[in-house]
Every structure is written in C-alpha cells, then in structure tokens.
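Let's take a friendly walk through a protein model. Have the sequence and the 3D view ready, and look up each residue as it comes along.

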Amino acid sequence: DGNGAEATLSGVNATSVAVAIAAAAVPLEHATQHATRADGQGSAGQSRADGEVVSQTASVEELVDKLIEAKALKRRVQVAAKQFNATKPEKGLKVLQAASLLPESLDPAEAAAFLQRTPQLDKAVLGELLSQPSEFHKALLGHFVVGFDFAGLSLDEALRKFLQSFRLPGEAQKIDRILEAFAKAQFEANPGPFKNADGAYTMAFSTIMLNTDLHSSQVVKKMTFEEFVRNNREINAGEDLPVEYLQGIYTAIKDDEIRMLDKEERAISAAAWRHLKAIESKAERGIHPVLNAAVDQTLLEAATLHRRLLADVCLGASIDVLSAVVRASDDKPTLTHALDGLKLCSRIAASHLLHDEMTTIVSTLVDTAALL
C-alpha cells in the first residue's frame, strides 16, 4: 500500500547499503598491511577484523531481500513518474495515489517529502504543481520548502540550491507564490541583514532578475552593480541593505549563473563542482594508507607486474560481469552469488593494492545503492 511504499523509500538508506557491502570485504588498510607484513601479525589482525565486520554488518541475504524489494518499488515509481510527467499538474498527485505511492488521505507534508526525494519527476511539471493556487497546494509548497536545509547559506546560495530541485514556472503569480514560501524559510534559517521575510522575498526576486539579465543572450546591455544597488534601495523595512552584502550577491551571480535545469541537462553549478572536488581530494588523501607510508619501494615494484596481470587477465572482467548481474537481476539466489562474488573481488583487489578495481567495485555498489 502507500504507507508501505513510503516506508521503503524512507527506511532504506542507500549509503548504508553500499557501506555494508563494502565493509563485508577486507578493509583496505588491513588488507594492505597484511600484504606488506612478514611476521604473521597481519593474519591475526585480519581475523579479528573479519570477526568485527561480520558482527557489525547485515548479511548479504538481507541486503539482497532489500535490493529486490527496492527494485520492484523503483519500477512502480518509474511507471507512475512517466504518467505524472504527462499529466496536468493539478492532477499529478492523483496519479501517484493511483499507483499506491501516496495514501488516499493525502497529507501535504507526506506528499512534499515524496516529491522532494523522487528525481524521476519532471522538474517543469513539479514547478507547476507546487505553484498551484489552492490552499492544499500552498501547504504542499510550504512543506516542500521546509524540507531544504538553508542553515548557514547566504540568500543566493540557498536560492541556487532550491531552484535545482524544480523548474521555476514562467507566470508571474506562480513565481511570486514560490519565492514567498522560499523567502519565509530562508529568513527563518538565516535572517542575515534582513529585518523581515518581505525583504528576503524582494531580494530573492531581484536576484533572479539579475541572473537573467547577466546571463541571457537576449539582454545586450547588462546590469551594472550600481544599477543593482539602485534597484534594491530601501527594500529592508524601509532601509538599505549593506553595500558589501549586495556586492557579494552581484559577484556570485555574475561569476556563477543559477542554472534552472531542464530534465535533459546534467550540468551542476561551479560551486557544487568545487565541493565535489574537495570531497574527492580528501578521499584520495585517505584511501592509500600503505602507499602514503614508508613502504619498501623495491618490493612494490617487484609485485607490480603480477598485480597488473591479475587485474588485466581476470579480475576486471569478473567485476564487470558481476556488476552487470547485480544491476539486471531480480532473482534472489543470483543476486546473492553476484554480491558474494563482488565481495571476493574486493578482497583480492585490496590485498594486491589494485585501486582502479576497488574504485570500480565501489562505483557498482553506489549505483546499486541508488536503487534503494
């Protein structure tokens, strides 16, 4: 039923599934230590690590059950999303109710949570749905906005994050309703220099106009900073905003356009890209504990040929086949064997310092976890 579907969507943490499967393999640090020690202590430490992993992670069989259940739910969501995307916005929620993804007695908070975490929904249709004028849709929009964490974000950063989740409608009244709800949530999370939510609303509207002016190919004469300041005189309860604040917003929008993406576009903002690169850099610094240590270079060079033969001849092909099975199969025994196979491959890759193969396995687990 609808409650069951919602419980599945919210109760299964995709990241925890990927971590649990990866943790069932030998941790990289233990495995590489075992490969470089000659005193036998590595084996004893590995046994203790294996025991800890078994006691702390879910069994492969439990994960397979969750994966099969999640795949079935995902197919239902995909079918319903296709119908939702082809339906008039005001009837979109009825489509989701008919698919038992939302209950018959519709709660705006529950519906907003589903809309926010279902990327298969068309962003333009979602924007039209959220901006409908009925009292229920206003409540829906309010709960949708509250679902975002704007804490610590400036107005332009929060607006950028908010507008990545749907496409802003073109009608002025609809834009007004959406920005009013956004400004209220942003003001409550970060009052900043504003004295009330009305000032935040005006600034949000002005920021969108600035974004269009600076980045639209149809606008020949671009808005200057002085014009931007003049347009925002006395919008803060009759007072001016600090010039430094306006300069920050103007520069941020000028340097990094707010992209209100169509469903076909897969671009991300420059700020988001910098954030992802920072995470990647931190991960790279911590994922090679042995190579970062004082390891005997001669032993590593002697083992390189054997590792590459192992990777090139059999391990890479095995990982590719097992990954394809995990993505395509709904058969429980088959999925169990495939996940067991990936676990064994990760043991081999970790113990031989085959980082590319480990990366491939982790990528497969992330893709699989995304189904949940």
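This is a predicted model: local features need pLDDT of at least 70, side-chain atom pairs count only at pLDDT 80 or more; totals for chains, interfaces and linings use all residues.

What follows is a short tour of confidence, cores, helices and loops.

The mean pLDDT of the protein chain is 75, and 68% of its residues reach 70 or more. The pLDDT is below 50 over residues 1-42, a stretch with 73 contacts in the model beyond near neighbours in sequence. Residues 263-303 also have a pLDDT below 50, and there the model shows 28 contacts beyond near neighbours in sequence.

**The nonpolar cores**

Now look inside. The largest nonpolar core has 58 residues. Leu-96, Leu-115, Phe-144, Phe-162, Phe-166, Met-203 and Phe-228 have the most contacts inside this core. Which helix gives the largest share of this core? That is H11, with seven residues. Another core, of 17 residues, lies apart from the largest one and includes Leu-67, Leu-322, Leu-339 and Leu-342.

Leaving out residues up to four places away in sequence, Met-203 touches Leu-155, Phe-194, Phe-228, Asn-232, Ile-235, Leu-241, Tyr-245, Leu-246 and Ile-249.

**A covered helix**

One of those partners, Leu-155, belongs to the buried residues of H10. Helix H10 spans residues 155-163 and is mostly covered, with seven of its nine residues buried. Besides Leu-155, the buried ones are Asp-156, Ala-158, Leu-159, Arg-160, Phe-162 and Leu-163. What covers them? The cover includes helix H9 (135-146), helix H11 (172-189), helix H12 (197-215) and helix H14 (243-255).

**Two helices that cross**

H9 has another partner to visit. The axes of helix H8 (residues 123-130) and H9 come within 9 Å and cross at roughly 120°. At that angle, H8 counts as oblique to H9. On the H8 side, Leu-126, Leu-129 and Leu-130 take part, and they meet His-137, Leu-140, Leu-141 and Phe-144 of H9. Six of the residues in this contact are nonpolar, one is polar and none is charged.

**Residues in the loops**

Finally, turn to the stretches between helices.

| Residue | Relative accessible area | Class |
|---|---|---|
| Glu-234 | 55% | exposed |
| Ala-237 | 48% | partly exposed |
| Ala-99 | 21% | partly exposed |
| Ser-216 | 19% | buried |

Ser-216 counts as buried because its relative accessibility of 19% falls under the 20% cut-off. Ser-216 sits in the loop between H12 and H13, and it touches Asn-211 and Lys-222 when residues up to four places away in sequence are not counted.

Ala-99 is in the loop between helix H6 (92-98) and helix H7 (108-116). With residues up to four places away in sequence left out, Ala-99 touches Arg-76 and Ala-80. Ala-99 and Val-79 are 20 residues apart in sequence, while their C-alpha atoms are 8.6 Å apart in space.

Glu-234, though not a glycine, has a positive phi of about 55°. Ala-237 likewise has a positive phi, near 55°.

Methods:
Residues are numbered from 1 along each chain as its sequence is written. Side-chain values use heavy atoms; hydrogens and water are left out. Buried means under 20% relative accessible area, exposed over 50%, partly exposed in between (1.4 Å probe, protein chains only). Helices (H or I, at least four residues) and strands (E, at least two) are DSSP runs, numbered from the N terminus. Contact means heavy atoms within 4.5 Å. pLDDT is the predictor's confidence in each residue, from 0 to 100. A nonpolar core is a set of buried Ala, Val, Leu, Ile, Met, Phe, Trp, Tyr and Cys residues joined through side-chain atoms within 4.5 Å. Axes are lines fitted to C-alpha atoms, for helices over the stretch in contact, and angles run from 0 to 180 degrees between N-to-C directions. Angles under 35 degrees count as roughly parallel, over 145 as roughly antiparallel, 65 to 115 as roughly perpendicular and the rest as oblique. Ala, Val, Leu, Ile, Met, Phe, Trp, Tyr, Cys and Pro count as nonpolar, Asp, Glu, Lys and Arg as charged, and the others, Gly among them, as polar.
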